[in-house]
Amino acid sequence: MVGAADFVGRDIISIKDFTREEIDYILKIAREIEPLARSGSDILKGRIMATLFFEPSTRTRLSFETAMYKLGGSVIGFSEPETSSVKKGESLADTVRVVEKYADVIVLRHPSEGAARFAAEYASVPVINAGSGAEEHPTQALLDLYTILKEKGRINGLSIALMGDLRYGRTVHSLAYALSLYDVRLFLVSPDLLRMRREVLEDIKSRIEIFEHTSIEEILPEIDVLYVTRIQKERFPDLAEYAKVRGSYRIDLNILSKAKSDLIILHPLPRVDEIAVEVDSTPFARYFHQVENGLITRMALLALILGAIKE
Ligand code: NCD
């Protein structure tokens with residue numbers, strides 16, 4: 001049986017490091033800790049979290065920082081590596097070996113795939129991957145699952161579509177892996193150029209059936225959860241390729257006239273133009289709810305990893 005002790009001191013690098021039972025346990029703790037997101041608590045008093053962000057972020061960093069403050073802990077770190085010794089040429093390995101002397105947990109976002117795993121090898125304190133290049137974003141997947149569970153009351157039995165940049169979007173890589181542990185019908189919808197990367201596809205196909213499409217319209221009437229993502233312009237090696245797919249998909253009220261009345265639309269944010277602003281005021285839109293769920297899920301993770309949850 002999975003219990004709180006299984007998480008103490010643990011790194012969160014890839015969603016693949018977790019079993020279905022462990023994910024369900026994290027979601028259960030998130031549900032229990034939810035009231036503390038409003039009331040606050042001091043269960044992590046005296047503990048310090050370092051956020052090392054080598055890439056832009058609004059939500060993920062602020063969400064982790066708020067989670068730590070809500071639990072009574074403190075935060076150090078940088079979000080502009082230009083102002084740290086990285087600018088002087090310090091290596092990631094050295095940065096991590098210094099920061100671990102100050103902090104009880106390190107939250108790292110980095111443009112390189114494998115950076116979080118590499119940092120965890122050097123750090124004696126737990127490392128949480130807050131985005132490693134185009135590879136993974138495991139805590140986003142956990143908050144996405146938590147949102148689905150809260151909004152729909154279940155994950156099993158749902159028809160879920162992941163739409164957009166499935167090639168360079170790290171959130172959809174982690175989410176697809178996580179969903180493949182459940183009994184869902186998974187639809188992958190993207191322009192050909194942005195199809196799900198092969199290693200993710202092969203892995204998830206070994207567990208569940210996948211349906212790939214280039215347009216959402218034909219399948220929308222069957223879908224319970226539509227997860228839309230931004231085209232990750234900054235990750236294209238060649239901007240001519242980006243120009244070919246730019247603006248190639250967009251969810252608006254017209255398309256949604258074909259949707260189930262209880263469809264929910266999620267998006268990791270930031271949104272650019274892939275969901276029309278007119279959708280925001282409809283009951284379909286749940287992407288701003290995800291932000292609150294991110295705070296709750298990260299509170300649960302920090303409390304678990306730092307040993308503040310007792311059985
Ligand atoms: C995402 C990311 O950084 O991967 N943002 C987030 O953390 N919610 C998605 C994106 O940048 O498109």
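Reader: Where is the place of L269?
Author: This is a predicted model, where local features need pLDDT of at least 70, side-chain atom pairs need pLDDT 80 or more, and totals for chains, interfaces and linings use all residues. Residues are numbered from 1 along each chain as written, and side-chain values use heavy atoms, without hydrogens or water. Helices (H or I, at least four residues) and strands (E, at least two) are DSSP runs, numbered from the N terminus. In those terms, L269 sits in the loop between strand 9 and helix 10.

Reader: What is the phi of L269?
Author: Most residues other than glycine have a negative phi. L269 is not a glycine, yet its phi is positive. The value is about 65°.

Reader: Is the peptide bond that joins L269 and P270 cis or trans?
Author: P270 is found in the loop between strand 9 (264-266) and helix 10. Most peptide bonds are trans. Here omega is about 5°. The bond between L269 and P270 is cis.

Reader: Which residues lie nearest the centre of the largest pocket?
Author: A pocket is an open set of points on a 1 Å grid over the protein atoms alone, with protein on both sides within 12 Å along at least five of seven lines; its lining residues have an atom within 4 Å of a point. The lining here counts 21 residues. The ones nearest the centre are R109, R170, R230, L269 and P270.

Reader: How much space lies in the largest pocket?
Author: Helix 2 (59-70) and helix 6 (170-179) each supply at least two residues of its lining. Volume is the space filled by probe spheres set on the points, which are joined across faces, edges and corners. For the largest pocket, that comes to about 410 Å³.

Reader: How many residues does the contact take from domain 1 and from domain 2?
Author: The centres of domain 1 and domain 2, taken over C-alpha atoms, are 25 Å apart. Contact means heavy atoms within 4.5 Å. Domain 1 gives 37 residues and domain 2 gives 31 residues.

Reader: What is the volume of the largest cavity?
Author: A cavity is a set of grid points where a 1.4 Å probe fits but cannot get out. The whole structure holds one of 30 Å³ or more. The largest cavity has a volume of about 90 Å³.

Reader: Which helix gives the largest share of the lining of the largest cavity?
Author: The lining includes R59, T60, S63, Q140, L143 and H267. Helix 2, helix 5 (138-152) and helix 10 (287-305) each give two or more. The largest share is five residues, from helix 10.

Reader: Is helix 1 roughly parallel or roughly perpendicular to helix 10?
Author: Axes are lines fitted to C-alpha atoms over the stretch in contact, with angles from 0 to 180 degrees between N-to-C directions. Helix 1 (residues 20-39) and helix 10 pack at about 110°, with axes 8 Å apart. Among the residues that meet are I26, I29 and I33 in helix 1 and L295, I296 and M299 in helix 10. Angles of 65 to 115 degrees count as roughly perpendicular, under 35 as roughly parallel, over 145 as roughly antiparallel and the rest as oblique, so helix 1 to helix 10 is roughly perpendicular.

Reader: Which residues of helix 7 make the contact with helix 6?
Author: Helix 6 and helix 7 (residues 198-205) pack at about 10°, with their axes 9 Å apart. They are therefore roughly parallel. Helix 6 brings H173, A176 and Y177. Helix 7 brings E199, V200, D203 and I204.

Key
Domains from an automatic or database assignment.
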